[in-house]
Amino acid sequence: MSDTHAGEVLTTQDGKPLKVALAKALRREKLRALALIAPLLIFVLLTFVAPIVDMLFRSVENGIVEETLPKTVVALQEWDPTSGTVPDEAVFVALYDDMAVAVEEKTHTRLGSRLNYEASGISSLFRKTGRGIKRMDEAGPFKEQFIDLDKDWGTVETWQVLKRFSPRYTPGYFLNAFDAQQTANGIELKPEDERIYMYLFGRTLFLSVAITVSCLLLGYPIAYLLSALPLRSSNLLMILVLLPFWTSLLVRTSAWKVLLQQQGVINDFLVWTGIISDAGRLVMINNQTGTIIAMTHILLPFMILPLYSVMKTISPSYVRAAKSLGANDWTAFWRVYFPQTIPGIGAGAVLVFILSIGYYITPELVGGTSGIFISNRIAYHISSSLNWGLGAALGTLLLVAVLVLFVVYDKIVGIDNVKLG
Amino acid sequence: MKLKTVILAGTALAFAGSTAMAKDMTIVSWGGAYQASQKAAYADPYVAENPDINVIWDESSNEAVAKLRAMNEAGNITWDLVDVVASDAIRLCDEGLALEIDPDTDLADAPDGTKASEDFGDLLVSECFIPQIVYSTTFGYRSDVAEWNGKEPDDICDVFDLETFPGKRSLEKRPINNMEWALLCDGVPKEEVYNVLETEEGQDRAFKKLDSIKDNVVWWSAGAETPQLLADKEVVIGSTYNGRLFSLIEEQDQPVKMLWDAQVFDLDGWIIPAGLPEDRLAMVKDFVKYATDTQRLADQAKYISYGPARKSSAPLVGKHADLGIEMAPHMPTDPNNAKNTFLYNYEWWADYRDDIDAKFQAWLAQ
């Protein structure tokens, strides 16, 4: 073997450059690693990522108008929505052709319920037109016949809505989620008595912060106790922490109802002891107080467990050393012990906050009207009003809000500074 | 060795038997006492006559519309028959998710030969809807409230009268029914209610009326909540479905009475999902024809206090299966209870639901 000269390429025994061979070997290794995680990756992609992306996509998707009324959409391109007049005969001819097909395929009512989200009354307009279309004179003229059938075809507003929502993609759902709407004069906020979503987002954030803070205040001393007590008693305490964790969510929420209601256990006790009068029973449920109390209880273990696992690793000798150097109890705690628990606080707070921001069932049961979250409205739009587009838009906003907060958290506290154990 | 053969043969037989003979039929309903009444009145006798049918119950009716839409998009309909309220049936029909039926060929005639379309009459509110029962949303009140000085509410507007009848009320957390009651008690004549509610001023008027009791209202979202709240003395008057109040009063013996005034009638019935394969469709149609005949609908009233949807069933309603009390006086359709009723306008709400609901929720959140 001779010395390697500068500029001469290192090769393996079979003459390939060493760099290439190494890269090849590494690539093989990576592929093998990928193959190992492939089942999980595919599973997650198919059952988690794909459905979410599909659902989020619905927040802008609006192909239904073009698919149901293709000719009308084309014919409407010529029409100026600000002209103040109803489109001319050509558009009505196209509408007749489209509606005849749509009635045959029974898709017109579906379009009606879609457009009804934007303007009340369109649902019955399409249902009525569907019933009447067969009786129309095929020779035309159609404009009068449609307006005869339902005078709404003769109003500019109906056509403005149809034109505004004819593109395949619409910002309409997102505007709705921001309490705004598209009108003939552009985008503007909805009337005050219809604004709700921004308010609910604000409330969701506020209550989630309140729940996180109260979980921290209650959980910190318990976690400390858990880590400081001798094994036997700390195990017992641990079981007490975990026991509610294993109990059904509904059972725990209902139990709070029994405890907190006006004729409930706590109020009865307070009246019995004379602290409050019978007429002055406290209202602790079906409002924000109820939501905060019940959710703090339900999410408490998610705060205690990460705190405990971090505190367990903190050696008691640090505090002892601080004290021997002259620190009083408070200084030793605040300057020495507390900073070491910050990773646990971070982990617990992120867990509790993210869980509570998307919480649904507990606010629904004990929140009344002032304690419900944005997720309750999302659930309503998915399962009751069937306005999936709006539900998806609200869901997307919630997801974005959480991601933004996560980034902010990373900037302030640092995500490396989070420890689950 | 011998034992093993026997076991193997037995398993094979049982397996062959279950696949070759039993046909599964998935019926979706509301669970609880209502589903139990359907099982006792329709499904059990039907299976006794058709032992090859195996009925599977699913309790998803309250989210049936969303689930059917999802199934339809996935192209895999796993339900054979779904119990829904009339407004949901109309929506499912609008979306093309429910099968249109012909009452006269798909449903049984009355015993006297009256065609089904005539026997059900106006209750066939949608081409896809096969009515079963008439129920009502109405009020129940506690009969032992000391502050009322012996008075008892007998008028819908007593719900809005906090001076004579102090105490908390429970109302459903949605605009439907509440808006109508508010307008009725604000002096709007019954036949004008929907015309008034169509206008901005009318809606404001309803909200203003509701504002007068807002601080004293507990809002419910599940039908079981009001009976519980009444039993716990959390509220003194509350709206819910009349069958729930029946079981609170008669089965659980609570000091609660019915306030039938201005009860709102609504319908519940079957829809057949669109897109079922031929063999399953034939099976379901056979069951539906049986389960909605005059006798079967009358039988259901033995188990729950909802009125049968057929005119011809009314005279056949008998006594409660366990309590032995006459059921007719507990029906929402009984003449004594139905002195003043309100008819829920499906088509109107289909148009205005999205808009008014947004306003209602904003009003609640204020």
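What span should the twelve residues of helix 12 of chain A have at 1.5 Å a residue?

## Helix 12 of chain A

They should span 16 Å, and the end C-alpha atoms of helix 12 (residues 249-260) are 17 Å apart, which agrees. The expected span is 1.5 Å times one less than the number of residues. Helices (H or I, at least four residues) and strands (E, at least two) are DSSP runs, numbered from the N terminus.

A:Arg252, A:Thr253, A:Trp256 and A:Leu260 of this helix are buried. Their arc around the axis is only 100°, which puts them on the same side of helix 12; the arc is that of the directions from the helix axis to the C-beta atoms. Buried means under 20% relative accessible area, exposed over 50%, partly exposed in between (1.4 Å probe, protein chains only).

## Basis of the model

This is a predicted model: local features need pLDDT of at least 70, side-chain atom pairs count only at pLDDT 80 or more, and totals for chains, interfaces and linings use all residues. Residues are numbered from 1 along each chain as its sequence is written, chains are lettered from A and ligands numbered from 1 in the order in which they are written, and side-chain values use heavy atoms, without hydrogens and water.

## Salt bridges

Over all chains, the structure holds 31 salt bridges, each a side-chain nitrogen of Lys or Arg within 4 Å of a carboxyl oxygen of Asp or Glu. A:Arg168 pairs with A:Glu67, with the closest N and O atoms 2.9 Å apart. These partners lie 101 residues apart in the chain. A:Arg168 is partly exposed at 32%, whereas A:Glu67 is exposed at 54%.

B:Lys173 forms a salt bridge with A:Glu364 at 3.9 Å between the closest N and O atoms, and this pair crosses between chains. B:Lys173 is buried at 15% relative accessible area.
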